[in-house]
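The questions below ask how a few of them were assigned.

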Amino acid sequence: ATETDSTKPTKCSGISEITIKINPLPDLILNDTSICIGESVDLNTLIGTSTSNTIRYYETEADALSETAALNSTVVSPVTDTSYYIVATDNELATNTACKTIKELKITIHPLPIFTSSNAELCIGNSIDLNTLVNAPPQTLQLFFNSFEEATTEGAIAINATVFPSKNSDYYVKVIDTDTNTPTACAAIKKIRITTTTPPLF
């Protein structure tokens, strides 16, 4: 500043230094993913790296920018291709700059295989190949189980497709997408009922 007091026309001046510190933004690396329709995913598991100790999740970019309407749960079940917006805020005790990074996380939804199945009647003592009751598209794998619980359990051992039911029985077919062009491994499950009848006596 320059002194302009007319009673002291000294024209003295002083110079002061102002330091502006630039704080870095928090690191935030996200891993886009894909799931089958009907499945859920925890968004926390899709964060590769973050130097922030505060992470919040939003459904829209506008919400992320205004930091309103954050998701109450990080577990989501989208039914169409969906983007979520992640806000990382630096609240580390050593720095606490409150700097923020906002990034988009994309989740792609794959459809389940479409197929039909039929029930059948069978004389006790006869056998039937369950594969003959399923009409599935090519590049799919058909597995059969005795219960729905087994069909939905990862790693459960499938039964032989040829069965010899001695009473009315339900089987479950699991059709898995094995198309190498779209390696989703998505699976759909349907029930097959075999009604048994007693052969006539001669």
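Buried means under 20% relative accessible area, exposed means over 50%, and partly exposed lies in between (1.4 Å probe, protein chains only). The model is predicted, so local features need pLDDT of at least 70 and side-chain atom pairs count only at pLDDT 80 or more, while totals for chains, interfaces and linings use all residues. Residues are numbered from 1 along each chain as its sequence is written, and side-chain values use heavy atoms, with hydrogens and water left out.

Q: Why is Phe 148 called partly exposed?
A: Its relative accessible area is 42%, which falls between the limits of 20% and 50%.

Q: Why does Tyr 172 count as buried?
A: Its relative accessibility is 16%, and the limit for buried is under 20%.

Q: What makes Phe 148 and Tyr 172 an aromatic pair, and why is it called edge-to-face?
A: Ring centres of Phe, Tyr or Trp (its six-membered ring) must lie within 6.5 Å, with planes under 30 degrees apart called stacked, over 60 edge-to-face and the rest tilted. Here the centres are 6.1 Å apart and the planes make 65°, so the pair is edge-to-face.

Q: How do you know that β15 and β16 pair?
A: Pairing requires at least two bridges found by DSSP. β15 and strand β16 (residues 187-197) have eight, in the antiparallel sense, so they pair.

Q: What makes Lys 190 a charge over the ring of Phe 115?
A: NZ of Lys or CZ of Arg must be within 6 Å of the ring centre and within 35 degrees of the ring normal. The charged end of Lys 190 sits over the ring, 4.9 Å from its centre.

Conventions. Helix = DSSP H or I, 4+ residues; strand = E, 2+ residues; numbered from the N terminus.
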